[in-house]
Amino acid sequence: MKRLNIRLSGLGGQGAVTAAHILAMAANKAGLHSVSNPFFGAEKRMAPAESYARIGSERIYDRGELVFPDVIMVFHPQVITMQKSYTAPFYSGITEGGLVIINTSGDLLTEDDYKRLNDNNVSVFNVDATHMALNIGKTELSTNMAMIGACAGITKVVDLDALDKALQDRFGKKYVASGGTATLDEAIKKKYAKKEMLLKANMDTINESYRRAVEWAEQENYAVVA
Amino acid sequence: MNKTVDGNRRIIASQHVKIGQKNRKDQTYTDPNKFFFETEGKAQFLTGSEVIKEAIRLASVGTSVAYPITPQSEAAALIGELFAEGYLDEYFRGESEFAVMGQCAGAAFGGHRVFTTTAGPGTLRAIENFPMWAGARLPIQVCVTCRGINSPLSIQPDTLEMHYLLETGMMVWHAETAQDLFDYILKGFIVAEQPDVHLPIAVCCDGFFVTHTKDTVVLPPTDICLPPYDPYKSPVPAMDMECPPVRMMRDPFVMKSNYISYATHASWQQEVRGAMERSRKHAIALLDGLVDIENGDQEVLFVTSGTAVSQSREAIRLLEKDGIKVGLVKIKTVRPFPTEEIREATKHAKHIFVPEFNMAGWMGREIKAILPDNERVVTAPHVAGGMTMPSEVIVEQVKTTLGIAFEPLAQRG
């Protein structure tokens, strides 16, 4: 496969960093090469936070910010409406034929945005990931799971089995993270009586989002970039 | 001193603790030659911070002192977990980076293997202690996870702080990846503690690009460990008030300006530099050379260290697609500097590019200073303040220098 470069733009506390780790971990479980890394200022909720997952069939050396992504995942409307991203506009640098996945209940892009994206043959998938997270995972903290499902459903960069294994790895055992991430991990674990319930809710959210994304990709006749 | 090591053994380690015995965590003390070159590892998917923890788990460290500063805070906290699990004898939080390095010195004078981590402004706050460590011949290891040091503030990677370390008398090694970081931390202890070296070592990596990036790393099993530090192999008496180096710290004759003091300084500082020179043979044996060379016969070469090497590797792939072949010289140790190795590797090169993650371009200057015909050296591209260096930018630099037309990146997206 050609390398797939994924940029995840979100706000601090939404789990964009965790999402990139899970995507990269899933690729690793599937025998692919992958790296993931975060990019943020001093940690705080609601401030711009980006992370990147690079996945491919040969060894990946590239580090740091992803300047020319194939896929951009927008975790929060404010990334677009309040310019809470490290690039302006948020899709700056996207490759020809790329994909933008936006977590939103409405359409956030202007005509000018659509023109520029169309000129580059970039597809846009609007998905209400937070709504899906509240419905299935029963917490908006599962928004990142819905976003992961959408990305995998369209690009097929990793399959559901690999994502399941990555989830087990991330939430099934003791995990070490920064103070902020550890606090959020505790918060989400407290929502469920058992770890298995958390894992199941997360996987259910991924499954549903994956299913919808596959549907969309078929409808749009979307060709996978990688 | 300088005993030749036979073909099967690359390095001699102290055996005051019997190889094959177990420690309190049921880990077997293993000869470094076996540990590094005959142990089968297992691939794992970890961040650089987790890798620092896993290295220290196997390193038989006595004391570690912590102080929070991004991006090393996670690693420092993880070492605290190792202490809680019983892998270390002492672990505590210092009052500041300056205090931490002084506390490290105390623990090392007392005979412990000592490890600490710092970054960016922390490194600069601590810096007075580093030449003191070297002068006192304390083989302490500090892992420096480089970040911006300037105002305006940045927590992102920038290698300028490494430049401040170059003349401290510490060995300075620069890891490219999490795998390097793991290997250099463990091998660093063994080289630093050789009786004919016995110097502190800074094992540097680029913050975030290594510490916060999840990558595949091959790690040995956790039921083995390095033999501990043997303070009786120290070339200077431990804490003897009448002998150097401690006498030189307390005794007034050094404080006066006279010929004895000058002579003492000259000889002692030369000895520290001599020890640095003697570290070469051990580092060469354990790191398989102070540089790695790939396609060194090309007319165009990248010569650099750290993440800049990784970005150069990606640039080499992109350039190859355009029919431009470029070789690579990866510098693993910045002190001692691989002068002869770089001279030899760049003998036939017409263009030598030095990509760097700092404003000053100090690595470019280091390289220029040792090469004949140094107009061949292009000290670019540079990024600073935590900026990423896309491989496309390196490609543009090469094409600009070679006079090859290209469509600028600014027109994309």
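**Ground rules.** I counted residues from 1 along each chain as its sequence is written, with chains lettered from A and ligands numbered from 1 in the order in which they are written. Since the model is predicted, local features need pLDDT of at least 70 and side-chain atom pairs count only at pLDDT 80 or more, while totals for chains, interfaces and linings use all residues.

**Entry 1: the whole chain.** I looked up the secondary structure and found 15 helices and 16 strands in chain B. Helices (H or I, at least four residues) and strands (E, at least two) are DSSP runs, numbered from the N terminus. The C-alpha atoms fill a box of roughly 65 × 55 × 50 Å along the principal axes. I then checked the radius of gyration, which is taken over C-alpha atoms; the globule rule is 2.2 Å times the number of residues to the power 0.38. For 413 residues a compact globule would have a value near 22 Å, and chain B has 22 Å, which agrees.

**Entry 2: burial.** I noted that 50% of the 413 residues of chain B count as buried. A residue is buried if 20 or more other C-beta atoms lie within 10 Å of its own, exposed if 12 or fewer, and partly exposed in between, with C-beta atoms placed from the backbone. Helix α2(B), residues 48-57, has 10 of its 10 residues buried, so the helix is largely enclosed by the rest of the structure. Among these buried residues are B:Glu50, B:Lys53, B:Glu54 and B:Arg57.

**Entry 3: strand β13(B).** Next I looked for its partners; two strands pair if DSSP finds at least two bridges between them. Strand β11(B), residues 291-294, pairs with β13(B) in the antiparallel sense over 4 bridges, and B:Glu294 has B:Leu328 as its bridge partner. Strand β12(B) runs parallel to β13(B) and is joined to it by 4 bridges, with B:Val329 as the bridge partner of B:Val303.

**Entry 4: one residue of β12(B).** I picked B:Thr304, which is found in strand β12(B), residues 300-304. B:Thr304 is buried, with 28 other C-beta atoms within 10 Å. Two residues are in contact if their C-beta atoms, placed from the backbone, lie within 7 Å. Leaving aside neighbours within four places in sequence, the contacts of B:Thr304 include B:Val309, B:Ser312 and B:Ile331.

**Entry 5: two domains.** I found chain B divided into domain 1 (28-233) and domain 2 (291-411); such bounds come from an automatic or database domain assignment. Their C-alpha centres lie 28 Å apart. The contact takes 20 residues from domain 1 of chain B and 21 residues from domain 2 of chain B. On the domain 1 side, α7(B), β7(B) and β8(B) each supply at least two residues, and the largest share, 4 residues, comes from β7(B).

**Entry 6: the contact with chain A.** I recorded 22 residues from chain B and 22 residues from chain A in this contact. On the side of chain B, the elements that give two or more residues are α3(B), β9(B), α12(B) and α15(B). The largest share of that side, 5 residues, comes from α12(B).
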